[in-house]
Structures are given as C-alpha cells and as structure tokens.
Amino acid sequence: MTDVDTGGRDRLAVAVLVQYRMATTEQMHLIVSPNVRIEQTRRRLMKLRGEGLIDRITLPQAGRTRVWHPTPYGAQVASEWPELRGRRPPRGAVDRTAVRLKVGHGLTVTETALAFLQDARRRRDVCRPLDWIPEVHHSLGSSEAVIPDALLYYQRHTADHTNDTDRTHAM
C-alpha cells in the first residue's frame, strides 16, 4: 500500500492556506504541486472547498483570478496538526470580506514566499512551503512588538555539505 495517497497534498494545501492566509490557484499549484498539471491542483482545491476547509473569492479586475483562503473550520482543523502547532491562527483572513480587503498585500507576501521556494528548489536548497511563516510576533517588552511580513527558514545546500547552515530571516 505504499502508493496510496493518504491526503498528504490535501493536507499540505490546507496548511499552506492557513499559514499564508491566501493564494491564487497558480500560486497554490506552484507551492504545493509544481510537478503535476494545474488541472489536478484545481480539482484538489475544489474538493477541499466542497469539504468546507477552504473557500475562494474571485477578483473581477484581475481577469477573474481566484484567491483561495481557509475557512474558520479549515483553520480549526489545521491548528491541530503537528506542523502548525504553536502557530497563531490567521487573523481576519478566513472570510471573503477580509480576504478581499487584504488581497493586495496578502498575495504579494505569498508571491515573495513562492520566489524563495522556487529558487531553493532550483538550487537544491532546503526551503519547504511551511518554512515561510507570515506575521510572526516578536515581543520587545513594555507591550511593544515587531511583526515582520514573514519569517523564513532556509538551509543552503553546498557541494561538500560541510558548510550547510540554517538561516532565518525576517522579511
């Protein structure tokens, strides 16, 4: 039974949307399953929508681009998974109105994550989809905090593997 799909890509798709807040169909395809046809990603997203885990809005000014986001139910289910444990749930990006109002900045942040993922894949570096964590709260004390757009975990690949280093960057 080693070839049985246990929902790993479905789970990753939901986890990415919970963590990233929103993504277009093309962004989801390139983040989750770049080596399959985009039609498979579309079917996956529609299935997850039918299960109530994710939803979408359509941007009329952008050629009817679909923007996917988690539902409150999807965010609740995913928050119980080990890979998202301890992460803050998305603030205000679980309903259509909030997504519509935040779409410009949200999709730009997702596009930035995608650029790092694609470059890491090309270089054979280690940077997985969930290594991009938006809006990480860094307390400065005295009720002050810094909240960068995202935190990135990235490990460079070297030919001899003696200089591999973990790098964390706030964006």
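This is a predicted model: local features need pLDDT of at least 70, side-chain atom pairs count only at pLDDT 80 or more; totals for chains, interfaces and linings use all residues.
Residues are numbered from 1 along each chain as its sequence is written, and side-chain values use heavy atoms, with hydrogens and water left out.

I begin with the helices. Helices are DSSP runs of H or I with at least four residues, strands are runs of E with at least two, and both are numbered from the N terminus. Two packed helices are described by the angle between their axes and the distance between the axes. Here, helix α1 (residues 8–20) and helix α3 (residues 38–50) have axes that come within 10 Å and cross at roughly 75 degrees. That makes α1 roughly perpendicular to α3. The axes are lines fitted to C-alpha atoms, for helices over the stretch in contact, and angles run from 0 to 180 degrees between N-to-C directions. Angles under 35 degrees count as roughly parallel, over 145 as roughly antiparallel, 65 to 115 as roughly perpendicular and the rest as oblique.

Which residues of α1 and α3 meet? From α1 they are R9, D10, A13 and V14, and from α3 they are R44, K47 and L48, where contact means heavy atoms within 4.5 Å. This set divides into three nonpolar, no polar and four charged residues. Ala, Val, Leu, Ile, Met, Phe, Trp, Tyr, Cys and Pro count as nonpolar, Asp, Glu, Lys and Arg as charged, and the others, Gly among them, as polar.

I turn to the salt bridges, each a side-chain nitrogen of Lys or Arg within 4 Å of a carboxyl oxygen of Asp or Glu. The whole structure holds 10 of these salt bridges. One of them joins K47 to D10, with the closest N and O atoms 2.2 Å apart. K47 lies in α3 and D10 in α1, so this pair ties together parts that are 37 residues apart in sequence. D10 is buried at 12% relative accessibility, whereas K47 is partly exposed at 40%; buried means under 20% relative accessible area, exposed over 50%, and partly exposed in between, with a 1.4 Å probe and protein chains only.

Another salt bridge links D55 and R49 at 3.0 Å, N to O. D55 is buried, at 15%, and R49 is partly exposed, at 27%. Finally, salt bridges that share partners join D10, R44 and K47 into one network.
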